Amino acid sequence: MKMVRSADIKYWTEEEVCQFLKDEKCEQTEKKITGDQLLDLKKLKETVTDGDYKKLCKAIKNHMETYCSKVINDPIHGHMELHPLLVKIIDTPQFQRLRNIKQLGGAYFVYPGASHNRFEHSIGVGYLAGELAKALKSKKPEPNITDTDILCVQIAGLCHDLGHGPFSHLYDQMFIPRAVPKADPKWKHENASVQMFDHMVETNNLQSSMELYGLNLQTDLKFIKEMIDPPKKTDPEQRKDEGSQKTDQERRSFLYEIVSNQINGIDVDKFDYFARDCHHLGIKNNFDHMRFIKFARVCENHICSRDKEVVNLYDMFATRHALHRRAYQHKVNKNIELMITDAFLKADKHIQIEGSGGKMFSLSQAKDDMEAYTKLTDQVMEQILHSSSPEMEGARSLLQRILTRDLYFFVGEAKKKDASEFTEEEIEGLKQKLAEHTAEKDNFEVVQSKFDYGNGQKDPIENAFFYNKGDHSRGYKISRNQVSMYLPSVFSENFIRVYWKNKKDQRRYHKIQKAFHDWCKNKGFIATVGERAQPEQASGGASGNNAGPN
């Protein structure tokens, strides 16, 4: 009777490994090994002959691809089949950490449906990266994409957000710049994603699995990390004589446009979060990413879309603009994220996370040690709320104010009549003007909000590439006057929003609003003041200034 073995090799016993060696007609070794040791290619090579090693690697790979791939049912993309190596990455502590990091940060406190996490988004991006790469490969003439290329692109998509901290962008864009003002200004979550990727590969011994599926550890790992955190210039014409991406000599540069497209912003990261965020927020998504994938092909080393799809791409960037205006930078969302940031700043030194070598790291220092960073998620908010430490009182009370809807007062917002940004001098002048009524200049928070189509004041489509039905070999750009007369003429506008941190002090609220309105009028800015506070009613719940989305 034939022995029935587990689908996953790592659980095989010594007897099951012996039977596997016998089935593959390999020489039996005196040293008994388990399935976990069988997957360690370095040890396996020392155990068997060279001929048997190659034979076993092929047999192990075939077994894993047959029995260890996974199908995940996703509400956005349906049934997604994942390669065994992707499954192995997903099952690491570093990736599982993403289950506890909200995709939209504080927006969950505004939109109750926005409870999705970086975990499912990352899986979606890995899946779409593979779908786009496979679609490009299927087109004639084939752009010479290998199976290894596809796997690398999938891994990059899967791991592109490993470096996010608590509440996603709140950590790297709001908390860290204030907690560590002298830190490297270039630090962002993509840097941490690369560091976390290296940490994940090393601590989980993923090198053997990667080699098993044909990855070159020297060149392919570099390729993956460059796709996660690309250099600023990824256009080959701009990169001539630059040594920042030596792997481009071996790989087609269009592959760098799949996960994080630095040329025009059209990439599978956006495809997933547009669809996923709209689904959970209850906002309509007008862009069909699967249609884009269907029509995409490689022309002159760029990913190009059919010329008739140009209006759909404008719709994609309009969706981005709508999501920023209605959710990501919603005035109440920003209010809540300010309060969470302030709470984290108060708790920073009092939260200690054990990292490598038993060393302890604070909330702001954890990003510098991947072992500590692996333990840092949104759960730090619960840690603060449930703490009984006197040192945590300030942070704890701020978070409790969020839960009881006792938010900072929203004074109002202002925008210029052109697309220019507000200067530091203007913001400081505003704070000084408002402080005349409170004598507390630092009790005001002025937040700059930028709404655009992803390319600043420029038309995002001016860097996109297209082909026409009669010529699939040539990529070209389409000027806006060839598209439509109804396109927007301005692609960016800047706001400042003012929040007053005082708690339940409404006596001076109207005077502060008037001062803000007068300042805007004198400067020639367009002002919108917040809702009027009720003189005898404490703020909270869903009333007055602290109401939900509107």
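Trainee: Over how many bridges do strand 8 and strand 11 pair?

Mentor: The model is predicted, so local features need pLDDT of at least 70 and side-chain atom pairs count only at pLDDT 80 or more, while totals for chains, interfaces and linings use all residues. Residues are numbered from 1 along each chain as its sequence is written, and side-chain values use heavy atoms, with hydrogens and water left out. Helices (H or I, at least four residues) and strands (E, at least two) are DSSP runs numbered from the N terminus, and two strands pair if DSSP finds at least two bridges between them. Lys 450 stands opposite Asn 494 in strand 11, and strands 8 and 11 run antiparallel, paired over 9 bridges.

Trainee: How many of the residues of strand 8 are buried?

Mentor: Buried means under 20% relative accessible area, exposed over 50%, and partly exposed in between, with a 1.4 Å probe and protein chains only. By that criterion strand 8, residues 444-452, is mostly covered, and of its 9 residues the number buried is 7.

Trainee: Which residue of strand 12 stands opposite Lys 415?

Mentor: Strand 7 pairs in the antiparallel sense with strand 11 (residues 492-500) over 6 bridges, where Ala 414 has Ile 496 as its bridge partner. Strand 7 also pairs in the antiparallel sense with strand 12 (residues 526-529), over 4 bridges. In strand 12, the residue opposite Lys 415 is Ile 526.

Trainee: Which residues does the salt bridge of Glu 445 join into one network?

Mentor: A salt bridge here is a side-chain nitrogen of Lys or Arg within 4 Å of a carboxyl oxygen of Asp or Glu, and Glu 445 meets Lys 501 in one at 3.1 Å, N to O. Glu 445 lies in strand 8 and Lys 501 in the loop between strand 11 and helix 22 (509-523), so the pair ties together parts that are 56 residues apart in sequence. Both Glu 445 and Lys 501 are buried. Through shared partners, salt bridges join into one network Arg 178, Asp 342, Glu 445 and Lys 501.

Trainee: What is the N to O distance in the salt bridge of Arg 276 and Asp 272?

Mentor: These two residues are 4 residues apart in helix 14 (residues 268-281), which means that about one helical turn separates them. Arg 276 is buried at 1% relative accessible area, and Asp 272 is buried at 0%. Their side chains meet with an N to O distance of 2.9 Å.

Trainee: Which strands stand at the edges of the open sheet of 4 strands?

Mentor: The sheet has the order 3-4-9-10 with mixed pairing. Each edge strand has a single partner strand, so one side of it is left without a neighbour in the sheet, and the two are strand 3 (297-299) and strand 10 (471-476).

Trainee: Which residues touch the most other members of the largest nonpolar core?

Mentor: A nonpolar core is a set of buried Ala, Val, Leu, Ile, Met, Phe, Trp, Tyr and Cys residues joined through side-chain atoms within 4.5 Å. The largest share of this core, 10 residues, comes from helix 7 (residues 118-138). Of the 144 residues in the core, those touching the most other members are Ile 155, Phe 197 and Ile 258.
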